[in-house]
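The following note is intended for a colleague who is meeting this structure for the first time. Please read the numbered points alongside the sequence and the model.

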Amino acid sequence: MTLRMQLAAIAALALALPWAGCEYVRQTEQGLRESQQQFVELAAANAAATFADYAFAKSAGAVPGSGTFYLAPLMRLPPLDGYSDDWVPKTQPILLAFGATSARLRTAEFADRLFVHVESPTVATELTVIVIGNDAIERRLRIDLTTRGSSVPALLPTGPTQIPTNAVVEPAAGRVHVELRLPAAAATGGLGIRLSAGDGADLAASFGAASPPAPVRRDPVLERRLAEFVATGIRLDVIAPTGWVLASVGESESTADTAARDALLPERLVRSILAEPPSPPGIEVGASRASGPWLDRALSGERVAERYVLDDGLNAETVAAVPLERGGVVVARRPAAAQLLPGNIVLQRLALLTLGLTLATVVVLTGYATWLSYRIRQLSQAADVAIDTRGELHTAMPGNRASDEIGDLSRSVEALLQRVREHNDYLKALAGRLSHELATPLSVVSSSLDNMELAEADERAAYATRARDGIDRLRRVLAAMREANRTEEIVANATFAATDLAELLRGVSAGYQSAYPSHRFDCKASGFDNAVTVAPTLVVQLLDKLVDNAISFAPPDSVVRLGLERRGATAAITVENDGPQLTDNQLASIFTSLVSYRPEGSGEHLGFGLHIARLIAAGHGGHLSAANHTNGVTFTLTLPL
C-alpha cells in the first residue's frame, strides 16, 4: 500500500468522530422522546382526572353515521356562495345513498350561525331542512333546487318565516350544490335533511325516525376548562364514547411536514440520520370525530401512550389517550414540530463541523501524502542513478535544503555518497601512490639483480646491499600499511577509562623534551580539571604522531607548544609549531595515507603517521584538524567530555 493510501486510510478513521457524535445524539434523542411521551401522558392524565365526573350529553351518544350531524366549529366566517370549499377546517361529510348515486351533507357553525351544505345529484329537485329549536317546534325549510342563485327558503307549512335564513343554489358538473345559513339556536333540538324528486316522492333522508336527532357540537364550557391544562405544543381533545370530538384546544395541526419541506439540505441530512421507519397513526382526530386502534383501546379502559412516525420518516407525533370514568377519552398530542428536538440542532452543527473537518482532513492528508510520495520518489530515483554507467558518482540529492526528516534523509544520502566518492578517489589515488612508493624499491631490486648477474665477484656485494635496501623499503611500506589497518581494530578493542588529560599531557611533554633536545616544549594544561574517558595509550600514540610531525617542520631551537582547554562539551588538545605553513590542498589531504609533505633531509616518511592519528581520533568519537597560524601550523584534537 502506498504512503498516500496509508495516510488516507488513517484519515478515514476520523470519521469515527461524527459517527460517535451521531450515536450520542441518537441516544440523547431517544431519551428526549421518552421524556416527551411521559410529559404528554401526564398532561392527558391531569385533564382526565379533572373531568372524571363529566356527563356526556344525550346527543353525544349518537353513533356517527346514524343521521346525527356534527357542527364543526369554523375558524372564520365563510361567504355564502353555494360551496363548502372555503370552510376552514374541512368537515367530514355524511353520505346519503339513493339509487346509483349519493348525496354529501356537511354541517358547521361559526359564532351564532349554522351552515349546511348539500351536494346532490340532479334527480333531486327539492331540499327540505328540518330544524327543531329550543321551543321544541319543528320547522321545515324548503329549497327549490331547480332555481339557481340566492333565495329565501320557504317555511312549511305556509306562514310567516320566523327563522332568518338564506340559501344559494349552484349547479355544477351534473351535481347541485346548496349552501344554507341560519341561526345556530334554530337547530338546538334537532337537524335533518330530506331530498325529494319532482313528483314529490322522497329520495333520501338523513334520519329515519319521526323527528331528526339533535346535532353534536363542541362544548364551550368544557373547552375553557380544558385550556387550563394545555402546555406549549400540546393539543388536548375530549372524545365522546362514540368518537365525537367534544372539545379541542391547543395546537390544531402539526407543522412538521412544512418544517421538513422548508429545511435546508444539511438539516435534511441530519434529520435523515434520526429518521425512523414510518408507522400508522394509532389515533386520528379529525374536525368532527376520532378513530384508530389506540382510541379503541382507550375507550375500553386502557391507558395508551405511543409514538408514531409520519410517512416521510422524519417527523413524528406523540399521542397519549387516558380514559374517563364515565366514558370517553382525553387525548393529548404533541407533534414533532412542537417538540424542541435539541438533538437535531446539536447533531446538525456536529455533523456539519465534524464531517467538514473530516473531509478537509482527508483531502489535506491525501494531498500531503502525495507531496511526500513525490519527494521520496524523487529521492529514490536520484539514488538509483547516483552511479552512472561509467562509475561516476553524482552526490547532489533533491530536497537537501528541506528542514524536515526527508530533508535530513536527503542530506544523509548526499553525505554518504560524498564519502563514497571521497573513498573512491582515495582508492584511485592510493593505487597511484602505492605504485609510486613501490616502483622505486622494485626498480632498485630489479636493477641490482640484473647488475649482479653481469658484475664481477667483488662488485656483487654492493649490488646485493642495494637489493636488500630495496626489499627493506618494501617491507617498511607493507608494515606501515598493516599498522594502519590494525589501528582500527586496536581502537575498537581498546580499554577506555576516565583519564586526567592535564596530567597525561604534562607527562608526555617532559618525555618529548628528553627525546628531542634540539627543540623546546611548552605545556599549558592548567585550569582543566575534567576527567575524560579515553584509551590513554592510544592518545599518547596520537600525540607522538603529531609531535613527530611538528619536529619535522619546526626550526631547531624553536618552541613546540602543547595546550589543553575546554571548548563547550569537548576537550581540545593542541600541538603548535613554528615553520612553513600548509596550502589549502595540503590541509585537505594531510591526513590521507601515503601523503607526506616533509622537507627533504628529514628522513624517510611513508605518510601513514597522521592517517593513523586521525583513525585514533575517530575511534574516540573526536576530530583531528589542522590549521595555519601566524608563524606555522596548529593541529587540534577535540574529544567529547
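1. In this predicted model, Asp237 stands opposite Ser248 in strand E15. Strand E14 (residues 235-239) and strand E15 (residues 245-250) pair in the antiparallel sense over five bridges. Strands (E, at least two residues) and helices (H or I, at least four) are DSSP runs numbered from the N terminus, and two strands count as paired if DSSP finds at least two bridges between them.

2. The model is predicted, so local features need pLDDT of at least 70, side-chain atom pairs count only at pLDDT 80 or more, and totals for chains, interfaces and linings use all residues. Residues are numbered from 1 along each chain as its sequence is written, and side-chain values use heavy atoms, with hydrogens and water left out.

3. The hairpin of E14 and E15 has five residues between the strands, and Gly243 takes a positive phi near 100 degrees there. On E14 there is also a pairing with strand E20 (residues 329-335): five bridges join the two, which run antiparallel. In that pairing, Ile239 stands opposite Val329.

4. How many of the five residues of E14 are buried? Five of the five are, so the strand is largely enclosed by the rest of the structure. Buried means under 20% relative accessible area, exposed over 50%, and partly exposed in between (1.4 Å probe, protein chains only). Arg235, Asp237 and Ile239 point one way from E14, while Leu236 and Val238 point the other way.

5. Elsewhere, five strands form an open sheet with antiparallel pairing, in the order E8-E6-E5-E11-E12. Strands E8 (154-156) and E12 (202-205) stand at the edges with a single partner strand each, so one side of each is left without a neighbour in the sheet. From one strand to the next the twist averages 25 degrees. Strand E6 (residues 138-144) pairs with E8 in the antiparallel sense over three bridges, and the bridge partner of Arg140 in E8 is Leu156.

6. Helix H11 (residues 536-553) packs against helix H13 (residues 609-619) at an angle of about 145 degrees, and their axes are 9 Å apart. Axes are lines fitted to C-alpha atoms, for helices over the stretch in contact, and angles run from 0 to 180 degrees between N-to-C directions. Where heavy atoms within 4.5 Å define contact, the residues of H11 that meet H13 include Leu538, Leu542 and Leu546, and those on the H13 side include Leu610, Ile612 and Ile616.
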